[in-house]
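Reader: Can you walk me through this one? I'd like to start with a single residue and its contacts.

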Amino acid sequence: MSRYSRITGTGSYLPPRRLTNADLATELASQGVETSDDWIVDRTGIRARHFADPGVCCSDLGVEAARNALQAAGRQASEIDLIIVATSTPDMVFPSAACILQNKLGVAGCPAFDVQAVCSGFVYALTVADAMIKTGAATKALVIGAEVFSRILDFTDRTTCVLFGDGAGAVVLEASDTPGIVATDLHADGKHVGILCVPGHVSGGQVLGNPLLQMDGQAVFKLAVGVLEDAARAVLAKAGRTEADIDWLIPHQANIRIMQSTARKLKLPMDKVIVTVDQHGNTSAASIPLALDSAVRSGRIQKGDTLMLEGVGGGFTWGAVLVDL
Ligand code: UT7
């Protein structure tokens, strides 16, 4: 009998501090940086984002999302035998946010590690967990996307600091006789490292290079709209399905215009696209599981629905996962 993996519970967590565009514009104006609600909504679709308070780390957000997912799946943390955290903003250089999170869950023993693929991190982590479950290396996995991007934003750069937010989302993924995860498709092209990066690094007790996010927004935009269509078509081909089989498209939540373009290319109406970028901003690896959980909890996404999850981001990385819920 074939072995597959299936999502059995979803969870998410947003830090309580919520800033509307107007709130952020006021804060930035006090530092001489000019922006407006109109510009941000018009160019991105973002209306608000959440920022973690000082001292709150990636693993703090991730563990809350994980607890919510465990509860939804009816599982105890002690039953989990694999923990993967997708993040680009871990608590420390090492150990991994996954190890810190495992300890916060009060468990020990199972493998725990981070996956670093920036905004594609969750589809990468889900693909790794699916593969480990299929081979028998794991039976019940926690797959978490958690980010505190507010820590790496340059608040003097209005072209980037208005775009991102903090948060976490998680799923419990369990071995199953039926899929579950129907097909996955991952890619990277390292020649685009420079268009979206945090080049700073720790060396000899100092941070060398700029430790804040820098992005060529237009270059990222152009690449994103192309690869999201390609990844969706590739994963559908692997699954032997068509666009008509997709009940919900859950793309990485970076910019409503990228999502609209992807939906148009896949001939999907926008009412089949889960959109949370307006309320969360771009939460990088957390954006897809946050969007998934909010749509599950609001009742829009139902058990039995077919979901297309799509990530794209720094690296350049991109990928898609087709899911029967
Ligand atoms: O998570 C990884 C994926 N990341 C993404 O997908 C991001 C992809 N890129 C984008 O979403 C868009 O390129 C941005 C939202 C970042 C920028 O939108 P755009 O339509 O490409 O704007 P632009 O960079 O061409 O800037 C247009 C104007 C410029 O002014 P001038 O030169 O025309 O006078 C900017 O200086 O808008 C100005 N501008 C702003 N104005 C007010 C840039 N940022 C702001 C701002 N507030 N925050």
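Author: Ser-284 is in contact (heavy atoms within 4.5 Å) with Val-118, Cys-119, Glu-147, Phe-149 and His-252, leaving aside its neighbours within four places in sequence. This is a predicted model: local features need pLDDT of at least 70, side-chain atom pairs count only at pLDDT 80 or more, and totals for chains, interfaces and linings use all residues. Residues are numbered from 1 along each chain as its sequence is written, and side-chain values use heavy atoms, with hydrogens and water left out.

Reader: Which side chain makes a polar contact with the side chain of Ser-284?

Author: That of Glu-147, at 3.1 Å. A polar contact is a pair of N or O atoms within 3.5 Å; within protein, one must be able to donate a hydrogen and the other to accept it, and residues adjacent in sequence count only if both atoms are side-chain atoms.

Reader: Is Ser-284 buried or exposed?

Author: Buried, because its relative accessible area is 0%. The cut-offs are under 20% for buried, over 50% for exposed and partly exposed in between (1.4 Å probe, protein chains only).

Reader: New topic. How many residues surround the ligand?

Author: There are 21, and the closest are Thr-35, Arg-158, Gln-218, Asn-255 and Asn-282. To count, a residue needs a heavy atom within 4 Å of the molecule.

Reader: Where does His-252 lie from the ligand?

Author: A polar side-chain atom of His-252 is 2.9 Å from an oxygen atom of the ligand. For Trp-39, the corresponding distance to a ligand oxygen is 3.0 Å. For Arg-257, it is 3.1 Å.
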